[in-house]
Amino acid sequence: MSKESREIDQYTANVLQNGLSRRSFLTRAAIGTGGLAFAGLTGSVSASPVSTQAQEYAQIGHATLEFMPKPRAIPDSEIASTQTFDVVVVGAGASGVPAALSAAENGAKVAVLQKQAIPVAQGNTGSGLDLKKSDKAGIEALVNRLMADNAHRSHPALLRSWAYNSGEAVSWVIDRAKQGGASVVDQGTKPQHGIKGITEYPLEFVTSYFGPKPYTAGDGMRALAKTAEKAGVKFFFNTPANQLIQDESGKVIGVIAQNRDGKYHKFMAKKGVILAAGDYQNNKAMCDFFIPDLKNFERKQMDRTGDGFAMAYWAGGVIEPAGHTKMLHDFDAGPAAMCDMPFLVVNRKGERFVNEAVEMSLMNNYLRSEADQGCYSQVFDSDYMEQAKNWPGKAYTPEELKNYMPEDPSEKKGVFPSQINTFVANTLEELAVKLGCDPKTFVKNVNRYNELCKSGRDEDFGKAPSKMAPVLKAPFYGIHRRMRLSAITSGVLVNENHQALDADGKPIGGLFIVGNMGGGFYGGVDYPLTVFGLSLGRCYTFGYLTGKYVAKL
């Protein structure tokens, strides 16, 4: 057995202790409901009748699992058509489109089922390691750091799979997206500020960038889809997948989907089904169960309703234990390069609430209340360029900041209009009003902070003196930031080939899971920003690898 396989087996055993599977759900539900007749349910949606009890909500403690009722078995009499492919991909996003193209390039006949009318993805940057320019010891040091970032809950083998294949995959995405007409460049290692100090060994990156905004990876995936269509991939838009088809052994052999006219269609898969349907951030019940601290945060995406999770679950898949990894940041309001600069920060009331050395990706944990809803403001004065010269990131000049100011009439470039939230004022009171803070509270907190800066001792939050910059000299600046949920990055348990695993840790025949539906890659409270673009890099890489793997079965 390989080192990678041993690591996967060890991880699987640990996760199965607490993960949500049909077996654990039904066992606990039966205990809690006096033994309701759930025990007879099987994973074969099309082959067995659905019990009345399966449609009822079951409770485990105080959590209501209404997001997991077994779907109605659709009889053949309601099937309008049947088509057969080698590979069926569910979801046309940052993992689904690469998976489809990769499978097609490796000889497979491929169908893609997409709920929306177009391919959908977000973000701009996808990262991969350049193996030709990186030292193996440095790569392993990075894997070790990512394990720590993820609270040591990740599959080490999945992290290594990204590390040793991502450069090839991201370069492939760049090349194929260009063939489809995309605006994309390789930024190399330049954007990777977070890797500084991780290792003394060389680390170099391939970093794809679809931009500038409002051009995004969504536009990039639409271009990649054009390349995929030329390679023979058939896309079925406005066709949401409804349920998986399993044979008597439990192997997944196809998908039932519903088109715009309400008719059901079978898409049979000779080699396998790849689920790439995205997360569940728009499913309130799932969020309340798996990640309840998201209650007061705005969602950045739409139509992420957890359909794929339900399908995988009823096919026998295991969802990672509660406490899923979330991604919340704000790269749009104000320059992204200034997001982690430790300027004074205040909440909506105007109160300082944290040691500003906390990374932006973690700031949401201090802003969960209904009053804050993920909103805060960075505050600095006209000496900020000098104050920030030795800080990480890049301070934009006052002239450059105008691109983010709603009160400035100049043309805005590379930023979404709804996120132009940078302000300048000649008095603190005026700035407070523009930031939506109470002026008295705001001025009181700024004055207190200035006193601490003068003394060189942050007795309130312990920030290092080198990171304390007083707010004294007009004009005064404020960047209002709004933390919104971009993605949930925990999912269904998979092995090293991204094949879904059942409650015994065994592969489910014919079922593969990639993207934000895939489990085991993350594990911490928040998505780490150590590697900038890791999320899209993972999606591209595992879509690319899984498409190739399934095509060759």
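In which sense do S15 and strand S16 pair, and over how many bridges? They pair in the antiparallel sense, over four bridges. This is a predicted model.

**Four-stranded sheet**
- The strand order is S13-S14-S16-S15, and the sheet is open with antiparallel pairing.
- Strand S13 (344–346) and strand S15 (422–425) are the edge strands, each pairing on one side only.
- Neighbouring strands here are turned by 25 degrees against each other on average, direction ignored.
- Strand S16 spans residues 476–482. Within S16, Ile-479 is the bridge partner of Thr-422.
- Helix H11 (residues 428–435) packs on this sheet, touching strand S14 (375–380), S15 and S16. The direction of H11 makes about 155 degrees with that of S15.

**Three-stranded sheet**
- A second open sheet has the order S5-S7-S6, again with antiparallel pairing.
- Strand S5 (125–129) and strand S6 (184–186) each have a single partner strand, so one side of each is left without a neighbour in the sheet.
- Neighbouring strands of this sheet are turned by 15 degrees against each other on average, direction ignored.
- S6 and strand S7 (residues 205–210) run antiparallel and are joined by three bridges. Ser-208 in S7 is the bridge partner of Asp-186.
- Helix H5 (residues 156–179) lies across S5, S6 and S7. H5 runs at about 130 degrees to S5.

**Helix H8**
- H8 covers residues 307–314 and is mostly covered, with seven of its eight residues buried.
- The buried residues are Gly-308, Phe-309, Ala-310, Met-311, Ala-312, Tyr-313 and Trp-314.

**Asn-403**
- Asn-403 sits in the loop between helix H10 (398–401) and S15.
- Why does Asn-403 count as buried? Its relative accessible area is 15%, and buried means under 20%.
- The Asn-403 side chain reaches the backbone oxygen of Lys-413 at 2.7 Å.
- Leaving aside neighbours within four places in sequence, Asn-403 is in contact with Glu-411, Lys-412, Lys-413, Val-415 and Ile-420.

How values were computed
Residues are numbered from 1 along each chain as its sequence is written. This is a predicted model: local features need pLDDT of at least 70, side-chain atom pairs count only at pLDDT 80 or more; totals for chains, interfaces and linings use all residues. Side-chain values use heavy atoms; hydrogens and water are left out. Buried means under 20% relative accessible area, exposed over 50%, partly exposed in between (1.4 Å probe, protein chains only). Helices (H or I, at least four residues) and strands (E, at least two) are DSSP runs, numbered from the N terminus. Two strands pair if DSSP finds at least two bridges between them. Axes are lines fitted to C-alpha atoms, for helices over the stretch in contact, and angles run from 0 to 180 degrees between N-to-C directions. Contact means heavy atoms within 4.5 Å. A polar contact is a pair of N or O atoms within 3.5 Å; within protein, one must be able to donate a hydrogen and the other to accept it, and residues adjacent in sequence count only if both atoms are side-chain atoms.
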